[in-house]
Amino acid sequence: MGFRTTRARLGAVAAAVLTAGALAVSASPASASASAGYINGGGDYSNDFGDEGVLSTTSYNDSSAACLWQQILWAEGANESDGSDFDASDIDGHFGPNTQHATKRLQVTWGLADSFAEADGKVGTNTFGYADRKLRYVSGSTASGEYLRLRYDGALRDLDLLRDTKGRYIFYTNGNRANSPHLANYKLNVCD
């Protein structure tokens, strides 16, 4: 093989590597948690929610992850579009206009937006990250492969949560461990 042929092949390989690298950098990566299929965490629990996938009327809008968020709205007593508090009957795992409205109200309450008009009604890095601040240790271990019990400290109610041995979050219907447990799944809606 001649020098020119080797140089041409090396140039083609280098161009392919650079192109692949550029595509990898320019692509918008999905949240590791959303791509894993579950709301999850590991180690220190105070930053488990902030890196989750975005929940909205168009993203993971029919899921158990949306159901967990609705449990948080219920625990916070966020206001619905009719002015009443988000209640247990509103928890259905569907992130629709009512959930969006309650999310906007909560974003204003938490100081994440100056007004309702400025709130985006999406549960992303800032909104889910703020919810991290309200997680409290109950029992268990933060070590990998161990169970961890947490409590979400809502303005009106507390929610019992469990982080399982795979780091996946489990929530309970109406926040009570005596009720049915559900994995906070991005793809399935098992919310009852």
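A disulfide is a pair of cysteine sulfur atoms within 2.5 Å, and the tour starts at such a pair. Before selecting anything, note that this is a predicted model, in which local features need pLDDT of at least 70 and side-chain atom pairs count only at pLDDT 80 or more, while totals for chains, interfaces and linings use all residues. Residues are numbered from 1 along each chain as its sequence is written, and side-chain values use heavy atoms, with hydrogens and water left out.

**Stop 1: the disulfide**

Select C67 and C191, which are joined by a disulfide with an S to S distance of 1.9 Å; the structure holds one disulfide. The torsion about the S-S bond of C67 and C191 is about 65°, so this disulfide is right-handed. C67 belongs to helix α3 (residues 64-76) and C191 to the segment after β5 (181-183), so the pair ties together parts that are 124 residues apart in sequence. Here helices (H or I, at least four residues) and strands (E, at least two) are DSSP runs, numbered from the N terminus. C67 has a relative accessible area of 1% and is buried, and C191, at 17%, counts as buried too. The word buried means under 20% relative accessible area, exposed means over 50%, and partly exposed is in between, with a 1.4 Å probe and protein chains only.

**Stop 2**

Move to Y60, in the loop between α2 (32-36) and α3. Y60 has a positive phi of about 50° although it is not a glycine, and with a relative accessible area of 29% it is partly exposed.

**Stop 3**

Next, select W69 and F128, one of the six aromatic pairs that the structure holds. Rings of Phe, Tyr and Trp (its six-membered ring) pair if their centres lie within 6.5 Å, and planes under 30 degrees apart count as stacked, over 60 as edge-to-face and the rest as tilted. The ring centres of W69 and F128 are 5.7 Å apart and the planes stand at 80°, so the pair is edge-to-face. W69 lies in helix α3 and F128 in helix α5, so the pair ties together parts that are 59 residues apart in sequence. W69 is buried at a relative accessible area of 0%, and F128 is likewise buried at 0% relative accessibility.

Now show α5 (125-132), where T127, F128, Y130, A131 and D132 are buried. The buried residues of α5 pack against α3, α4 (97-109), β1 and β2 (148-153). In the loop between α5 and β1 (135-140) you will find K134, which is buried with a relative accessible area of 16%. Not counting residues up to four places away in sequence, K134 touches E76, W110, R151, Y152, D153, G154 and A155, where contact means heavy atoms within 4.5 Å.

**Stop 4: the sheet**

Turn to the strands, where five of them form an open sheet in the order β1-β2-β3-β4-β5 with antiparallel pairing. β1 and β5 stand at the edges with a single partner strand each, so one side of each is left without a neighbour in the sheet. Two strands pair if DSSP finds at least two bridges between them.

Select β3 (residues 158-163) and β4, which pair in the antiparallel sense over three bridges. The two strands form a hairpin with five residues between them, and G167 in the turn has a positive phi of about 85°. The bridge partner of R163 in β4 is Y169. On the other pairing, β4 (residues 169-172) and β5 are also joined in the antiparallel sense over three bridges, where I170 stands opposite L183 and F171 has H182 as its bridge partner.

In a regular strand the side chains alternate between the two faces of the sheet. In β4, Y169 and F171 point one way and I170 and Y172 the other way, and all are buried.

**Stop 5: charges over rings**

Finally, select K104, which lies over the face of F116 at 4.9 Å from the ring centre, and then R168, whose charged end sits over the ring of Y38, 5.1 Å from its centre. A charge sits over a ring if NZ of Lys or CZ of Arg is within 6 Å of the ring centre and within 35 degrees of the ring normal.
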